[in-house]
Amino acid sequence: MHMNKQKRLLVPKLRFPEFKNNEEWHSEHLGSEKVAKFIKNKVSLDELSLETYISTENLLPDFSGTSISTRLPPSGSFTEYKEADVLISNIRPYLKKVWQADRTGACSNDVIVIRAGKEIKPDFLNHILKNENFITYVMKSAKGVKMPRGDVSSIKAYPVTFPKFDEQQKIADFLYSLDNLIILHSQKLHTLKVYKKSLIQQLFPAEGEIVPKLRFPEFSNTKYWENINLDNIAKFVRGPFGGSLKKDIFVKKGYAVYEQQHAIYGNFQNFRYFISGEKFNELKRFEVKPNDLIMSCSGTMGKFSLVPPKAPIGVINQALLKITANSSINVNFLKEIFELPLNQEKLLSQAAGGAIKNVVGVDQIKKIVIRIPSLKEQQKIADLLSNIDELILNQTNKIEILRDHKKGLIQLLFPILEESNI
């Protein structure tokens, strides 16, 4: 590739060598017939099929394709799509539900069908519409708060730059190879998560059982796992009342305030709020220490993180539960126990007849009975699962690096438009 210094011309910063002396790119709006056609061809209800029907429900987020539709709508109007057309969910565009069709079919009215125009290769158009810049642009003019909907006339006005066909195809092929690499790594991540899930089902006793199906050889002849109340192995502290941590008491530097995000994502680098030493001493009961478990208690509930050794000194906020394990249990093992589906159900109560779940009170949590083996067996299980967690984390990071790499390359492979070019 060749770094092009002609910044005033409509050319990308990074160009494949064989095109370095080519003319500058063209600029048109997405709605131009040279670029794309917005399809309006209608299809009747009796032409729909489960295999080819696309709605906003079975268009998947993050550019990850489609799933097979589980049901067909009883009525409505539908639009045809053909192979190589690009389908975009017009509801909540930020979910990035964009797919290049590999078949012919029909879609709901909430899906926009865009077909490559006279001077654009379908594969190149696909990458233009999968570009984060396009998604950001659509969101700017989207209407509605809870369910924002893209504005079609604004989408048609989106500025598109493009070179000749052969350069378009080269860029599209290059980006496809990057996409395929990301997909392969995402599949590997999915496999690791499925493996951990199936292993956990074997390593912990099922409901009503006294030993797990799978045991390390050195423990196969040892006694069964014992029943124990959570109250006997850990101390539980629910976050202070909301009034204790009002925004007007926060300081620029001081003791950290732990929030939902720390329990959900396990990232202990970033903190938004801090309190003074005086306030910290007042709230000493809520102090977070290394090896404590913190659990999210509102929004995304029942997520646990282990506080690492060098985490900042601070307190939990009102949306967290702090769990301090005693010496009879391995804290990593306890975290896995809390995350078992069976125990998640016990931690989260559902209001009678309602869909809203809440974390049960501390008194109820203390009464939950769990089964545990000896400390040595706990350690062995915890070590195995944390090794898999490390593989999962490394794989997640790889995918993030690849996505960032692609994002950076796209900024270089497409010209930056100035107002005069549009």
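Alanine 256 has phenylalanine 274 in S16 as its bridge partner. The model here is a predicted one, so to speak of local features takes a pLDDT of at least 70, side-chain atom pairs count only at pLDDT 80 or more, and totals for chains, interfaces and linings use all residues. Numbering starts from 1 along each chain as its sequence is written, and side-chain values use heavy atoms, with hydrogens and water left out.

Back to the sheet. Strand S15 (residues 255–258) and S16 run antiparallel and are joined by two bridges; strands are DSSP runs (E, at least two residues), numbered from the N terminus, and two of them pair if DSSP finds at least two bridges between them. The sheet is open, holds four strands in the order S16-S15-S20-S17, and has mixed pairing. Its edges are strand S16 (274–275) and strand S17 (287–288), each pairing on one side only.

Elsewhere, Leu50, Ile68 and Leu72 make a nonpolar surface patch of about 240 Å². Patch residues have over 30% relative accessible area and no salt bridge, with nonpolar side chains joined within 5 Å and like charges within 9 Å. A salt bridge puts a side-chain nitrogen of Lys or Arg within 4 Å of a carboxyl oxygen of Asp or Glu. Areas come from the Shrake-Rupley method with a 1.4 Å probe, and for residues only the protein chains shown count as cover. Isoleucine 68 lies in the loop between strand S6 (53–54) and strand S7 (78–81), and counts as exposed because its relative accessibility is 51% (buried is under 20%, exposed over 50%, partly exposed in between).

As for cysteines, cysteine 107 is buried at 0% relative accessible area, and cysteine 297 is buried at 6%. The structure holds zero disulfides (pairs of cysteine sulfur atoms within 2.5 Å).

How values were computed:
Buried means under 20% relative accessible area, exposed over 50%, partly exposed in between (1.4 Å probe, protein chains only).
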